[in-house]
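Me: I have a structure to go through with you. Can we take it piece by piece?

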Amino acid sequence: MYRLFITLVLLAVAFSIPGKEKEKTTKSPVWPPKAGIRTPGIQIPFTSLKAEAEWKTEGVPDWLLVQGPNALLPLNGKGEIVRMQNRDNKMTDAWKAGESLCGGLISAFEHVWAADCGKQSLLKLAARDAKVVASIATSFTKGAKPVLAANADSIWVLSDEAGTLSRIDPVAHRIVHEIRVGAGCNTIHFEQDMLWITCPGENRLVKVNPHTNLVDKRIETAAGPQALAFGEGHLWVLGGKEGKISKIDPKTDKVVATIETGVPGVAGSLAFGDGALWVSQPGYPLTKIDAKTDKVLQQFAGEGASLVRVAFGSVWLLDAAKMQVQRFDPKRIAATLPD
């Protein structure tokens, strides 16, 4: 009887140890995830996808711009630009460009242009070494990405939360015109001889004619537009509120298709290349959509990425949280299948 009593006491103590109880109640991750595309064979663990190359950065990777044989990567908050060589995947020493870069880079008029949110100025940088050639006083819409665009004769900047679009002379280095497009507009893109701007406050894509300096059209999109890409003759707009993508014909300004990602209520980014639209969203680092059928072909779920870009025949994922850049071969992506 005494031995039985001792045994019961030892068992009670064992089950009362916090570590033991935690170990017992810890659950393994649920697969497949609760969100995303539920069609069988579409969702794949992101851990199954192997990168061709991977780098750690000493700052938050903010954008990726092709510049000759290299990719330029601005580090948000540091004012530095890192070069990554396409041929051998080597990361070179960083160029010091400004105080605090934000909102991406563009290449135009034989220079690289960057937004310096620290000094509230537009930087005109030498393409060879990123030395500052000119600094133009302006402001930038907080969180806009990209915040810059260029057409044949001007640099365009989303320059405040009230929705001011500033037109800047790249030679005289001054603002020559301002247009009101809408409060909180957050992405700008030049394509088909027009400027296109996503404005989540009104759930519209705003079309601006640079020849007249006027808003030409306001196109209704999926709710909360926040990312924009162009490919296969169409504009693609990600609506963050419901996780829907609007496919727009720029000739008619009509939405011709709406694509579900199954990931509502989160930020995201878009890029186009290799005949596909690529989407990156929190919890779903990479989704591949066929540009002709408008069907989701693959959706990789898991931790990683916040920005997707396509360059040098590769898909690039920039992970702000891990300060990491990954490069993927589209053929390897297509060959990665569900377990």
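Me: Is Phe-46 buried or exposed?
Reply: Phe-46 is buried, at a relative accessible area of 9%. Buried means under 20% relative accessible area, exposed over 50% and partly exposed in between, with a 1.4 Å probe and protein chains only. This is a predicted model, where local features need pLDDT of at least 70, side-chain atom pairs count only at pLDDT 80 or more, and totals for chains, interfaces and linings use all residues. Residues are numbered from 1 along each chain as its sequence is written, and side-chain values use heavy atoms, with hydrogens and water left out.

Me: How many aromatic pairs are there?
Reply: The structure has three aromatic pairs. In one of them, Phe-46 and Phe-328 have ring centres 6.2 Å apart and planes at 55 degrees, so the pair is tilted. Rings of Phe, Tyr and Trp (its six-membered ring) pair if their centres lie within 6.5 Å; planes under 30 degrees apart count as stacked, over 60 as edge-to-face and the rest as tilted.

Me: Which parts does that pair tie together?
Reply: Phe-46 is in the loop between strand S1 (43-45) and strand S2 (53-56), and Phe-328 is in strand S30 (residues 324-328), so the pair links parts 282 residues apart in sequence. Strands are DSSP runs (E, at least two residues), numbered from the N terminus. Phe-328 is buried, with a relative accessible area of 0%.

Me: And Trp-55 with Trp-316, what is the geometry there?
Reply: Their ring centres are 5.7 Å apart and the planes are at 5 degrees, so this pair is stacked. Trp-55 sits in S2 and Trp-316 in strand S29 (residues 314-319), so the parts tied together are 261 residues apart in sequence. Trp-55 is buried at 7% relative accessible area, and Trp-316 is buried at 1%.

Me: Back to S1. What order do the strands of its sheet have?
Reply: The order is S1-S27-S26-S25-S24, an open sheet of five strands with mixed pairing. S1 and strand S24 (269-273) are the edges, each with a single partner strand, so one side of each has no neighbour in the sheet. Two strands pair if DSSP finds at least two bridges between them.

Me: In which sense do S1 and S27 pair?
Reply: S1 and strand S27 (residues 296-301) pair in the parallel sense, over three bridges. Pro-45 has Ala-301 in S27 as its bridge partner.

Me: New topic. How many residues of S17 are buried?
Reply: Six of the six residues of strand S17 (residues 194-199) are buried. Met-194, Trp-196 and Thr-198 are on one side, and Leu-195, Ile-197 and Cys-199 on the other.

Me: What flanks Ile-197?
Reply: Ile-188 stands opposite Ile-197, and in S18 the bridge partner of Ile-197 is Val-206. Strand S16 (residues 187-191) runs antiparallel to S17 over five bridges. Strand S18 (residues 204-209) is also antiparallel to S17, with five bridges.

Me: Which residue in the S16 and S17 turn has a positive phi?
Reply: Gln-192, at about 55 degrees, in a hairpin with two residues between the strands.

Me: Which residues have the most contacts inside the largest nonpolar core?
Reply: Leu-122, Leu-165, Val-181 and Ile-197, in a core of 27 residues. Strand S13 (155-158) is among the strands that each supply at least two residues, and S13 gives the most, with four. A nonpolar core is a set of buried Ala, Val, Leu, Ile, Met, Phe, Trp, Tyr and Cys residues joined through side-chain atoms within 4.5 Å.
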